[in-house]
Amino acid sequence: MTLTLTVTLPVTTGCNYCEDARGELAARADLGELELNVVSIDSEQGRALQATHRPSMFPLTLVDGKPFSVGRLPRRKLDRALARTEAH
């Protein structure tokens, strides 16, 4: 049984880090490494995530519903999380 990480990415407009994270995560989703859910911060779900997690900057990256990072996506940290998932 293969477990897949579910990554939720609340994004806002005009955010370079958001676009960078979206591109990286979309490429990994295309490879089947993870499931990606991009959420506009202006949506009801986005506002709820912002109220719950109160990120200091964007994007807020959640993995399996838990805070993973804010700001620039830490690719090595993501690689480690994916490796742990593959090991199970």
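## The end of helix H1

Helix H1 is followed by Gly 32, whose phi is positive, near 80°. The model is a predicted one, in which local features need pLDDT of at least 70 and side-chain atom pairs count only at pLDDT 80 or more, while totals for chains, interfaces and linings use all residues. Residues are numbered from 1 along each chain as its sequence is written, and side-chain values use heavy atoms, with hydrogens and water left out.

H1 has 15 residues and spans 21 Å from its first C-alpha to its last, close to the 21 Å expected at 1.5 Å a residue. That expected span is 1.5 Å times one less than the number of residues in the helix. The buried residues of H1 are Cys 18, Ala 21, Leu 25 and Arg 28. Seen down the axis of H1, these buried residues fall within an arc of 100°, so they line one face of the helix. The arc is that of the directions from the helix axis to the C-beta atoms.

Buried means under 20% relative accessible area, exposed over 50%, and partly exposed in between, with a 1.4 Å probe and protein chains only. On the face of H1 turned away from the buried side are the exposed residues Asn 16 and Asp 30.

## The disulfide

A search of the whole structure finds 1 disulfide, a disulfide being a pair of cysteine sulfur atoms within 2.5 Å. The disulfide joins Cys 15 to Cys 18, with 2.4 Å from S to S. The link of Cys 15 and Cys 18 is right-handed, with 80° about the S-S bond. Cys 15 and Cys 18 are both buried.

## Salt bridges

Side chains of opposite charge can pair when their charged atoms come close. A salt bridge is counted when a side-chain nitrogen of Lys or Arg lies within 4 Å of a carboxyl oxygen of Asp or Glu. By this rule there are 6 salt bridges. One of them pairs Arg 22 with Glu 19, the closest N and O atoms being 3.5 Å apart. Because Arg 22 and Glu 19 are 3 residues apart in helix H1 (residues 16-30), about one helical turn separates them. An α-helix has 3.6 residues a turn, so residues three or four places apart point the same way. Arg 22 is partly exposed at 30% relative accessible area, and Glu 19 is partly exposed at 46%.

Asp 20 forms a salt bridge with Arg 75, the closest N and O atoms being 3.0 Å apart. This pair links distant parts of the chain, with Asp 20 in helix H1 and Arg 75 in helix H3 (residues 75-87), 55 residues apart. Asp 20 is partly exposed, with a relative accessible area of 28%, and Arg 75 is partly exposed, also with 28%. The side chains of Arg 28 and Asp 79 meet in a salt bridge at 2.7 Å, N to O. Arg 28 lies in helix H1 and Asp 79 in helix H3, so this pair ties together parts that are 51 residues apart in sequence. Arg 28 is buried at 10% relative accessibility, whereas Asp 79 is partly exposed at 36%. A network of salt bridges links Asp 20, Glu 24, Arg 28, Glu 33, Arg 75 and Asp 79.

## The loops on either side of strand S3

Arg 54 lies in the loop between H2 and S3. Phi of Arg 54 is near 45°, a positive value in a residue other than glycine. Arg 54 is exposed, with a relative accessible area of 65%. Pro 59 is in the loop between helix H2 (44-53) and strand S3 (60-63). A cis peptide bond joins Phe 58 and Pro 59, with omega about 0°.

Asp 64 is found in the loop between S3 and strand S4 (66-70). Phi of Asp 64 is near 50°, a positive value in a residue other than glycine. At 43% relative accessibility, Asp 64 is partly exposed.

## Ser 69 in strand S4

Ser 69 is found in strand S4 and is buried, at 11% relative accessibility. Leaving aside its neighbours within four places in sequence, Ser 69 is in contact with Pro 59, Leu 60, Thr 61 and Pro 74. Contact means heavy atoms within 4.5 Å.

How values were computed: Helix = DSSP H or I, 4+ residues; strand = E, 2+ residues; numbered from the N terminus.
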